[in-house]
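Hi,

Here is the structure I promised to pass on. Have a look at it first, and my notes on what turned up follow below.

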Amino acid sequence: MSALSNVGFECGAGDVVGVLGLNGAGKSTLLRILSGELLPSAGSVQIGGVELGVDSRAMRSLVGYLPEEPPLYREMRVRDYLHFVGALNGVPGRLLRGRVVAVAERVHVEHQLDRVIGELSMGFRKRVGIAQAILHEPEVVLLDEPVSSLDPAEIVGMRELVRSLGGDRTVFTSSHHLREIHETCDSILVLHEGALVVHGTQDELGALAGRERIEVELRGAPADAARSLPAGATRVASEDLGGGVSVITVELAEAARETVVAALVASDLGVRRVEPVRSDLERVFLDLVSGDGVPESASDGNGS
């Protein structure tokens, strides 16, 4: 049985990509392949134009990797460990000291540099693990279950840190926690039983759940707004904000957003704001991995 099969995708520079799937779906295997720790039995992996297995040194310089269990020497002090890892990854000696301090500040462990790693909390150990992954300034960072074993306060901090790593590098973060992926990532890879079910933005995944919904803030009563909606649009929720302002949630079956807005404006209802409503990611995910809710267009392994 293959751990992964027919998994193909492309990701752009600067994206934060969530790798989502049930336990055993193949998330860790995918990240281990991307890191160069495992070689695929078929297919190819390219990062920054470098193909895995062709130039392993160049590939390692492009990738930073944090396994679920941080690869730390617990008897070492944080500063010494980061110097050691930096030297292994080819950071020039003249730059290493400054790089260690800068990275420690980036992941908020600057006050822990002289502490023994084994004395740190799991949250700080995870942060030191991220520090070693970005110390050599890779183009791609792979984080396997970065919030596992963390308490709620540490999870919030880790979520902010992971999000901050995007922009100048591509970040892959795996989880089976739907909220972490929802709060952190630009796009999502959904794996199920070793296969890529779908790859897309959260809005694109939400569209797989069914009809699009929009939220409209307007000046007028919710009942008046509901009566003004064109055919093919239905009010599914509303809230009176007071002062003559209300918000309605509209489900679009056949009507377009522009048609709905035009109908509301024609009824003398002042439209103040229109925003898409993200579908419930949990519902979408469960539909995708149920085995009978995967649309054909989403199951071809076609990435971005």
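The search for cavities gives 2 of 30 Å³ or more. A cavity here is a set of points on a 1 Å grid over the protein atoms alone where a 1.4 Å probe fits but cannot get out, and a residue counts as lining if it has an atom within 4 Å of a point. Volumes are the space filled by probe spheres set on the points, with grid points joined across faces, edges and corners.

Before going on, a word on the source: this is a predicted model, where local features need pLDDT of at least 70 and side-chain atom pairs count only at pLDDT 80 or more, while totals for chains, interfaces and linings use all residues. Residues are numbered from 1 along each chain as its sequence is written, and side-chain values use heavy atoms, with hydrogens and water left out.

Back to the cavities. The largest one has a volume of about 70 Å³. Its lining includes P146, V147, M158 and R159, and also T173, S174 and S175. Two or more lining residues come from each of α6 (152–165), β6 and α7 (178–184); helices (H or I, at least four residues) and strands (E, at least two) are DSSP runs, numbered from the N terminus. By class, the lining of this cavity has 5 nonpolar, 4 polar and 2 charged residues. For those classes, Ala, Val, Leu, Ile, Met, Phe, Trp, Tyr, Cys and Pro are nonpolar, Asp, Glu, Lys and Arg are charged, and the others, Gly among them, are polar.

S174 sits in strand β6 and is buried, with a relative accessible area of 0%. (Buried means under 20% relative accessible area, exposed over 50%, partly exposed in between, with a 1.4 Å probe and protein chains only.) What does the side chain of S174 make a polar contact with? The partner is the side chain of D144, at 2.6 Å. A polar contact is a pair of N or O atoms within 3.5 Å; within protein, one must be able to donate a hydrogen and the other to accept it, and residues adjacent in sequence count only if both atoms are side-chain atoms. Leaving aside neighbours within four places in sequence, S174 is in contact (heavy atoms within 4.5 Å) with V19, K27, L31, L143, D144, E145 and P146.

Now the pockets, which are open sets of points with protein on both sides within 12 Å along at least five of seven lines. The largest pocket has a volume of about 870 Å³. Of its 35 lining residues, F9, L30, L34, S44 and V45 are the closest to the centre. At least two lining residues each come from α1 (27–35), β2 (46–47), β5 (140–144) and β6 (170–175), and α1 has the largest share, with 4 residues. This lining divides into 18 nonpolar, 13 polar and 4 charged residues.

The second largest pocket holds about 420 Å³ of space. It has 18 lining residues, and the closest to its centre are Y65, P71, V85, N89 and Q132. Here β4 (63–66), α3 (78–88) and α5 (122–134) give two or more residues each, with the largest share, 4 residues, from α3.

Next, the rings. There are 3 aromatic pairs in the whole structure. Rings of Phe, Tyr and Trp (its six-membered ring) pair if their centres lie within 6.5 Å; planes under 30 degrees apart count as stacked, over 60 as edge-to-face and the rest as tilted. F9 and F172 have ring centres 6.1 Å apart and planes at 55°, so this pair is tilted. The pair joins distant parts of the chain, with F9 in the segment before β1 (16–20) and F172 in strand β6, 163 residues apart. F9 is partly exposed at 23% relative accessible area, whereas F172 is buried at 5%.

Y73 and Y81 make an edge-to-face pair, 6.3 Å centre to centre with 65° between the planes. Y73 is partly exposed, at 41%, while Y81 is buried, at 2%. Together with F84, Y73 and Y81 form one aromatic cluster.

Finally, the overall picture: the protein has 11 helices and 12 strands, and buried residues make up 46% of its 304 residues.

Cheers
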